[in-house]
Amino acid sequence: MIDTAYRAWLAGARFRARRERYKRFTYGDQWSDIVEDAEGRLMREDRLIRLSGKRPVTNNLIRQLVKNIVGRYRTRCAEAAVYAGPHIGKLAKRNALAELDSRLIEEYLISGCAIQRIVAEPRFRGDGVWIDNVDPRAFFANKFCDPRGWDIELIGMLHDMTFPELVNRFAGGKTAREEELRRLYSPESAPDMPDMTIGEALDGGGSFYRSADPNRFRVIEVWSFDARKDADPDCASRSFAWHCRWLAPDGTVLSEYDSPYAHRSHPFAVKFYPLTDGEIHSFVEDVIDQQKAINRLMVQIDHIMATSAKGVLLFPLDQKPADIDWRDISERWAQPDGVIPVTGRGAQMPSQVVTNTSSTGAYQLLQLQMKLFEDVSGVSEALLGKGLTGARGSELYESQLRNATVALADLFDSFSSFIEERNDKAAESDINSR
């Protein structure tokens, strides 16, 4: 089982790498892509920009876009009283669902991935149903293509636990079992496992077998849809059940049981958006190329302004009096009431040169890219609260706002279906009420 889980986790490597890139862009690290220079050398894009004598400039529109959509989601939830009601209200208060779901839709926009784990267990805040957001770096499942996730047959996540937590969960109060756990997780008993790759070490999630925190120990939670032979030896029929195994990195089973919940399934609520042929292409992915184009134009404009003439004085040599040095001329030119004597012998008088940078077309191209960014994202000025004037009536603005929200309706409704599934699973997860 440990090998099957490992292969499922490895299959998500490309998704995790893309997610890290989208996350970097969302939070402002937008020059870290590896590019090739004219000589075929690979380097970070910001280094290539600096080697060309320019300065990397970041104008992070993606972050503001994500924040506005999260804000719109919070507004929708408040208007629809999503976290009100006798059952959901108590669950929402215990788990701070308004905050938890807001952070999850942020993840949903960045990676196209929403995962929560719904369990009934005792915690320091009391017994009951608990909901946690799951880090996509720690999640794995078999490849599935059904947007509802109904073709998932193996699913799980990686946990990092302190040794006291290991003892509390798996020793059952038995000293011999505690000593066994101590032996399993001792450095001398560590199995021969692959080391972390550079990418795994950089993203902070650790490898499949090892925690990135040296003070914590890796435990793998695996749920599989298993076939069971009928208990009657004369009967050849089989039944199916979701079965959980908690595994040590060497494959030792620390604990196992069938699903104890009323829904008889695994404790995960999962939504990938959009899921096409098993592939995820997130909202942020759609606007990254536009963001890169805007950043490059900003670099170009910054370079043009830095290298263009700005008040350069052309002073003919034959106009310079012999008793005045060049420093004195420069100081007098900078003064608003300065007087500079000239000889009057030359045909050309001193003049100042100022380059008109707007004639380069870079500003017009930047405006076009900004408009394309808005069109590609589907988030218009009305949704961002821009373009509001006293001449526009409230009814007109509300109509424009509704039209602007249409582009995001699929995203919001898809996430709402995830929330409904999560709530249904939470309602059937309280094993103490059975």
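Reader: What share of the 434 residues in the protein chain is buried?

Author: A word on the ground rules: this is a predicted model, where local features need pLDDT of at least 70 and side-chain atom pairs count only at pLDDT 80 or more, while totals for chains, interfaces and linings use all residues. Residues are numbered from 1 along each chain as its sequence is written, and side-chain values use heavy atoms, leaving out hydrogens and water. Buried means under 20% relative accessible area, exposed over 50%, and partly exposed in between, with a 1.4 Å probe and protein chains only. Of the 434 residues in the protein chain, the buried ones make up 42%.

Reader: How much of the accessible surface of the protein chain belongs to carbon and sulfur atoms?

Author: Accessible areas come from the Shrake-Rupley method with a 1.4 Å probe, and for residues only the protein chains shown count as cover. The surface of the protein chain comes to about 23800 Å². Of this, the part that belongs to carbon and sulfur atoms is 52%.

Reader: How many helices and strands does the protein chain have?

Author: Both are DSSP runs numbered from the N terminus: a helix is H or I with at least four residues, and a strand is E with at least two. Counted that way, the secondary structure comes to 14 helices and 14 strands.

Reader: How much space lies in the largest pocket?

Author: On a 1 Å grid over the protein atoms alone, a pocket is an open set of points where a 1.4 Å probe fits, with protein on both sides within 12 Å along at least five of seven lines. Grid points are joined across faces, edges and corners, and the volume is the space filled by probe spheres set on the points. For the largest pocket, that gives about 550 Å³.

Reader: Which element gives the most to the lining of the largest pocket?

Author: Lining residues have an atom within 4 Å of a point, and here there are 21, with A11, G12, F15, K143 and G278 nearest the centre of the pocket. Two or more residues each come from α1 (2–11), α2 (13–26), β5 (139–141) and β12 (279–280). With four residues, the element that gives the most is α2.

Reader: How many of the lining residues are charged?

Author: Asp, Glu, Lys and Arg count as charged; Ala, Val, Leu, Ile, Met, Phe, Trp, Tyr, Cys and Pro as nonpolar; and the others, Gly among them, as polar. The lining of the largest pocket has twelve nonpolar and four polar residues, and its charged residues number five.

Reader: Is the ring pair of W9 and F208 stacked, edge-to-face or tilted?

Author: Rings of Phe, Tyr and Trp (its six-membered ring) pair if their centres lie within 6.5 Å; planes under 30 degrees apart count as stacked, over 60 as edge-to-face and the rest as tilted. By this rule there are 20 aromatic pairs. The centres of W9 and F208 lie 5.8 Å apart and their planes meet at 50 degrees, so this pair is tilted.

Reader: How many residues apart in sequence are the parts that W9 and F208 tie together?

Author: W9 is buried at 3% relative accessible area, and F208 is buried too, at 1%. W9 belongs to helix α1 and F208 to the loop between α9 (198–203) and β7 (217–229), so the pair ties together parts whose distance in sequence is 199 residues.

Reader: Which residues does F412 contact beyond its sequence neighbours?

Author: F412 lies in helix α14 (residues 394–427) and is buried, with 1% relative accessible area. Leaving aside neighbours within four places in sequence, the contacts of F412 are I69, R72, Y73, R76 and I105.

Reader: Is the peptide bond from Y273 to P274 cis or trans?

Author: P274 is found in the loop between β10 (268–272) and β11 (275–276). Omega is near -20 degrees, and the bond is cis.

Methods
Contact = heavy atoms within 4.5 Å.
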